[in-house]
Amino acid sequence: MKKFPRLSKLARRLALSGLLVSGSAAVHPAPAVGAGLAPGHKTTQSSASHYARWQASMDAFAASDKAQAPAEGGVLFVGSSTIRLWAQLPQDFRDVPVLINRGFGGSTMADCQYFVKQLVLQSRPRQVFVYAGDNDLAEGRSPQQVLESFEGFVAAVRAELPDTRIAYISIKPSPLRAELMPRAREANALLAEYVRTLPNSDYIDIFTPMLGMDGAPRAELFGPDRLHMSDAGYRLWRSVIADYVGRGQATLQAGADKPAKKGVDTPTAAPVAIPAAAAVQVSTGR
């Protein structure tokens, strides 16, 4: 039997069942674990240099919180530019009293793990939605490394906020990155299997509904760059994710924990939306 000495038991099971993709591209070393995850961890000079590019974003989030600190118990979205550019996020989930956007463009799952304290822990949300991973693959990391970064992210959140519900939004099938779709499928399979082992968590498949009948990404869901989403793409995301917002939370406004009717907005009071400080994001096209 072929051995997989460097894979976890979960990855080994998926490999043996044919879900792992062979012939993956060269893998870059996984970034170091970050603040808020491993007390006493010593960051190397190279990893410190890598993460320094996000300091302006972290400073902007801190300034935003200082100007208007989000109330505890909100719903927080964190991840790459797909989250950062979701301009209608507060309106799409207007039943949520406190909605926090912590998207920072070009970021990876490894970055979200490293900055978990600044991005998530200090806001003390009751629910966290994570979208990250495709930039990791684009930078040469393996699906297994995306899983490991998410595992570290979850460990940090659960250590500090054991009752917070965590939802992972699957990697999307961007036309610009069509060559990465096999690895995206592999990463999504690993992450879905892992999330199924976690209590109080969700895996949200947006990969499948973004494909056409021919199995290719639906062009109308993406903008001219074929990487970021169009308004139609965000409408689809809302219709899928709405069913998960508020799951397991008894403190939502009346009726907000029921599955939302797709494409129907019920007029309610506007939520307290915490800005994503988009003006200071690094422009990397991701």
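This is a predicted model: local features need pLDDT of at least 70, side-chain atom pairs count only at pLDDT 80 or more; totals for chains, interfaces and linings use all residues.
Student: What percentage of the residues in the chain is buried?

Tutor: Buried means under 20% relative accessible area, exposed means over 50%, and partly exposed is in between (1.4 Å probe, protein chains only). In this chain of 286 residues, 53% are buried.

Student: How many helices and strands are in the chain?

Tutor: Helices (H or I, at least four residues) and strands (E, at least two) are DSSP runs, numbered from the N terminus. The chain has eleven helices and six strands.

Student: Which residues of helix α11 are buried?

Tutor: They are G233, Y234, L236, W237, R238, S239, V240 and I241. Eight of the eleven residues of α11 (residues 231-241) are buried, so the helix is largely enclosed by the rest of the structure. Its buried residues pack against β1, α4 (81-84), α5 (89-92), β3, β4 and β5 (201-204).

Student: How is a pair of aromatic rings described?

Tutor: By the distance of the centres and the angle of the planes. Rings of Phe, Tyr and Trp (its six-membered ring) pair if their centres lie within 6.5 Å; planes under 30 degrees apart count as stacked, over 60 as edge-to-face and the rest as tilted. This structure holds 14 aromatic pairs. In one of them, F77 and F129 have ring centres 4.7 Å apart and planes at 10 degrees, so the pair is stacked. F77 lies in strand β1 (residues 75-79) and F129 in strand β3 (residues 127-131), so this pair ties together parts that are 52 residues apart in sequence.

Student: Are F77 and F129 buried or exposed?

Tutor: Both are buried. Now take Y114 and F115: their ring centres are 4.9 Å apart and their planes are at 80 degrees, so that pair is edge-to-face. Y114 is buried at a relative accessible area of 12%, and F115 is buried at 3%.

Student: Which residues do ring pairs link into a cluster?

Tutor: F77, W86, F93, F129, Y131, Y234 and W237.

Student: Which residues of the largest nonpolar core touch the most other members?

Tutor: A nonpolar core is a set of buried Ala, Val, Leu, Ile, Met, Phe, Trp, Tyr and Cys residues joined through side-chain atoms within 4.5 Å. The largest one has 70 residues, and F77, F93, F129, F150, F153, W237 and I241 touch the most other members.

Student: Where is R165 found, and what does its side chain make a polar contact with?

Tutor: A polar contact is a pair of N or O atoms within 3.5 Å; within protein, one must be able to donate a hydrogen and the other to accept it, and residues adjacent in sequence count only if both atoms are side-chain atoms. R165 is found in strand β4 (residues 165-169). The side chain of R165 makes such a contact with the side chain of N200 (2.6 Å).

Technical notes
Residues are numbered from 1 along each chain as its sequence is written. Side-chain values use heavy atoms; hydrogens and water are left out. Contact means heavy atoms within 4.5 Å.
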